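Student: I'd like to walk through this structure with you. Could we start with the overall picture and then go into the details?

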Amino acid sequence: MTDNAIKLTNRVRPATRRPRLHKVILLNDDYTPREFVVTVLKSVFRINADQAQRIMVTAHQKGTCVVAVYTSEIAETRANAATDAGRQAGYPLTFTTEPDQ
Ligand code: TYC
């Protein structure tokens, strides 16, 4: 391999590597009002009212629901922001993250 080939490899590889993706998961609880969950979903995850309602109902009925998949940093930032919004309003609303696959 020539020097040139080594440099090219070093430069190209990071750009083609896939980012690690994490799921944001909404957990059900018995206290947070449904409407509040929908409001947080819309504002933090920028999803429309229909989708937010569907995600909330799925978590309510099944216990959890995947909200979205992002790179790990964005997933954690949004899960924390959404959980904090619940805490500030006095609710136990919780969002977690986990690696996608
Ligand atoms: N279970 C809540 C209620 O009945 C509503 C709710 C839905 C809370 C989904 C959290 O992730 C959740 N008020």
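**Overall picture and details**

Tutor: The accessible surface of the protein comes to about 7100 Å², and 49% of that surface belongs to carbon and sulfur atoms; accessible areas come from the Shrake-Rupley method with a 1.4 Å probe, and for residues only the protein chains shown count as cover. This is a predicted model, in which local features need pLDDT of at least 70 and side-chain atom pairs count only at pLDDT 80 or more, while totals for chains, interfaces and linings use all residues. Residues are numbered from 1 along each chain as its sequence is written, and side-chain values use heavy atoms, with hydrogens and water left out.

Student: OK, what does the secondary structure of the protein come to?

Tutor: The protein has four helices and three strands, and from the N terminus on these elements run α-β-α-α-β-α-β. Helices (H or I, at least four residues) and strands (E, at least two) are DSSP runs, numbered from the N terminus.

Student: And which percentage of the 101 residues is buried?

Tutor: Buried residues make up 31% of the 101 residues, where buried means under 20% relative accessible area, exposed means over 50%, and partly exposed lies in between (1.4 Å probe, protein chains only). As for contacts (heavy atoms within 4.5 Å), residues 24 or more positions apart account for 71% of those with a separation of 6 or more.

Student: Switching to the ligand, which residues are around it?

Tutor: The residues around the ligand are Leu26, Leu27, Asn28, Asp29, Thr32, Arg34, Val37, Met56, Ala59 and His60, and a residue is counted as near if one of its heavy atoms lies within 4 Å of the molecule. This shell divides into five nonpolar, three polar and two charged residues. In that grouping, Ala, Val, Leu, Ile, Met, Phe, Trp, Tyr, Cys and Pro count as nonpolar, Asp, Glu, Lys and Arg as charged, and the others, Gly among them, as polar.

Student: What are the distances from ligand nitrogen to Asn28, Asp29 and His60?

Tutor: A nitrogen atom of the ligand is 2.8 Å from an N or O atom in the side chain of Asn28, and a ligand nitrogen is 2.7 Å from a polar backbone atom of Asp29. For His60, an N or O atom of the side chain is 2.9 Å from a nitrogen atom of the ligand. The protein covers 88% of the 350 Å² of accessible area that the ligand has on its own.

Student: New topic: how many salt bridges does the structure hold?

Tutor: The structure holds one salt bridge, meaning a side-chain nitrogen of Lys or Arg within 4 Å of a carboxyl oxygen of Asp or Glu. Lys23 forms this salt bridge with Glu98, and the closest N and O atoms are 3.3 Å apart. The pair links distant parts of the chain, with Lys23 in strand E1 and Glu98 in strand E3 (residues 94-99), 75 residues apart. Lys23 counts as buried at 19% relative accessibility, whereas Glu98 is partly exposed, with a relative accessible area of 35%.

Student: And what does His22 touch?

Tutor: His22 is also placed in strand E1 and counts as buried, at 13% relative accessibility. Not counting residues up to four places away in sequence, its contacts include Ala68, Tyr70, Thr97 and Glu98.

Terms used. Polar contact = N/O pair within 3.5 Å; in protein donor to acceptor, adjacent residues only side chain to side chain.
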